[in-house]
Every structure is written in C-alpha cells, then in structure tokens.
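Look at the sequence and the structure shown here. The text below goes through the sheets and some loop residues.

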Amino acid sequence: MQPEKIAILVDSCSDVPADVLKAADMALMPMNVIFRDRVYEDRLTITPAEFYRRQATESATTASPTGKMIVDALDRIQASGYTHVIAVCISAALSGTFQETQLLAAESPLTVHVINTRSVGIGSGFAAIYAAQLRDSGHSFDEIIQEVERVTAQTKVFFYVPSLKYLQAGGRIGKVAGMAGTLLNVKPIISCDEEGVYYPIAKVRGEKRTITKLLALIDAAVGDAKRVNIAVCDGVNPELRQQVLTQLQAKYPQVEHWYAGDVSPALGVHTGPGLIGVGVQVLD
C-alpha cells in the first residue's frame, strides 16, 4: 500500500494566519468578495487592509468559492503528489462551501474528507491548524479525521462586533437586534450555536464592558482544561487585538499555542471594521 501523503485544504473564511498557512503548505479555497468594479479572490487578490479601506465608502457582498476554484485547488494538490486531503470549511449553515466541496471531492481521484466545523473565522481555522499538526506528528488520515472532529466539537469562537450595521445589511441576524443596537450603543458578542448558526451570545453597552464580557465568555470556554490553544484576530483593530491578547496571555499560562491574525475580507463584509474575534480550542 502506498503511504498516505496528506494535504490540508481550507477556505479563506477560516482565517488561518498567513504564516501558519504557509508553514503547513495548506491549499486555500478563496471566497469571492464582490465590489461593484470587480470580483476579488479573498486574501489572494485583495488584502484585509485594502478591503477595509474600501468598505469605508463602498458596500461589498460575498459568494462561496466557485466550483472551478475548488477543482483547481484539488488539481494542484494532486499535482504536488498528495494522495489524501482533509478539507476544512466554515459552517455549512453560513456558506455553501461545505456542500460544494463535498460534491466536487467525490469526483476527485484523491481521498478527501470534508469537515463542517459549524464555526467561522479562526474557530474554523483551528481545525485546519490541528489537522496539520497531527499530520506532521505522523498520524494516519483516519486518526486525524477522528481527532479533529472530536476537538472541533469543543472549539468556541466569539466575535465582538462594534457596529451591527453590516450584519443587518447582510441579513445575518434579526433586524430588530440591529435597530436596538444602533439606538442604545449596544455592542453584541456573536458566537456560533451547535448547528453552526450565528447568534448574539451577549449584548452589552459600551466597548469597555463588552471586552470584560468577552473575557468572561473565554474564561467559561477554557474552564479547567489543561490543554488549550487560543487565537485572537482583528478587522483593522490591532491595538485592541494586542490588548486582549496580552490580558489572555497573563491569565492562561497553560495555553500550548497562541495565534494572532486578521479577519478575512469575506467575513469583514458581514462584520465591518473594528471586529475582534477570539477562538478557544480545548484539546483535553
């Protein structure tokens, strides 16, 4: 039997930090980010900094990676000599990428397993990072799938969203929550439920209190776990990201890996600038 050569394929909304993506030789399926002048490939032909600058004056929409992009990614993986693929997608409840990847993977000569993380942003990206770590430490394809699926079920993500305007415009959460938020300076913290659907886990007035609440939610997610990874991502809000990261690092010496990165343009379409996202991956 030929040895398994395992590739990791991940969609761009999973926010795997660029240095990690490169080091693990992950293949990227870019979402489409659509401004009126053209369609951009998330993270490839438009950077987060460029995107947020344009978003200040223009509205954008998103679309899942085209079938061609997914097939091209699988072809590149095959051409590089890989035999097996672990594909990581954001929640199937938020995007058609999971279904599309499953359909196209079934036609590929590669052995592909697609993971529905039921999460988004780094909450999803953690599955790809962990799969790469397990692969590099010599686990088999089946072992990796089993372990990544187990840990994905105990991974949480929290987003502090400074303005509800963009979620409202994209129809991602109820309109009423949007109206109340605008009136009362309410800052929601959004998470994904068990089905992988966005919901406001907390609504707090003012940024300072919201960050305090965010830290409390992270504390509950960490619990008494001995083995944890934490990531903090931002949508053009590096100072606040650093502040949150510093506070968390002081509090959780048991964390095995810390990650910091930016929120992809395709997610930024729905969340707007200023966002802080925190992922907590419990390995116990």
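An open sheet is formed by three strands in the order E4-E3-E5, with antiparallel pairing. Helices (H or I, at least four residues) and strands (E, at least two) are DSSP runs, numbered from the N terminus, and two strands pair if DSSP finds at least two bridges between them. Strand E4 (39–41) and strand E5 (61–63) are the edge strands, each pairing on one side only. From one strand to the next, the twist averages 30°. Axes here are lines fitted to C-alpha atoms, for helices over the stretch in contact, and angles run from 0 to 180 degrees between N-to-C directions.

The model is predicted: local features need pLDDT of at least 70, side-chain atom pairs count only at pLDDT 80 or more, and totals for chains, interfaces and linings use all residues. Residues are numbered from 1 along each chain as its sequence is written, and side-chain values use heavy atoms, with hydrogens and water left out.

Within this sheet, strand E3 (residues 32–34) runs antiparallel to E5 and is joined to E5 by three bridges. Ile34 has Thr61 in E5 as its bridge partner. Strands of a sheet pair through backbone hydrogen bonds, either parallel or antiparallel.

Two loop residues come next. Most residues other than glycine have a negative phi. Asp15 is not a glycine, yet its phi is positive, about 50°. Asp15 sits in the loop between strand E1 (6–11) and helix H1 (18–23). Is Asp15 buried or exposed? Asp15 is buried, with a relative accessible area of 2%; buried means under 20% relative accessible area, exposed over 50%, and partly exposed in between (1.4 Å probe, protein chains only).

Arg43 also has a positive phi, near 70°, and is a residue other than glycine. Its place is the loop between E4 and helix H2 (48–55). Arg43 counts as partly exposed, at 21% relative accessibility.

Another open sheet has six strands in the order E10-E9-E8-E13-E11-E12, and its pairing is mixed. Its edge strands are strand E10 (198–205) and strand E12 (255–262), each of which pairs on one side only. On average, neighbouring strands of this sheet are turned by 20° against each other, direction ignored. Helix H5 (residues 122–136) packs on the sheet and touches E8, strand E11 (228–234), E12 and E13, where contact means heavy atoms within 4.5 Å. The direction of H5 makes about 40° with that of E13.

Strand E8 (residues 155–160) and strand E13 (residues 276–282) run antiparallel and are joined by six bridges. In this pair, Lys156 stands opposite Val280 in E13.
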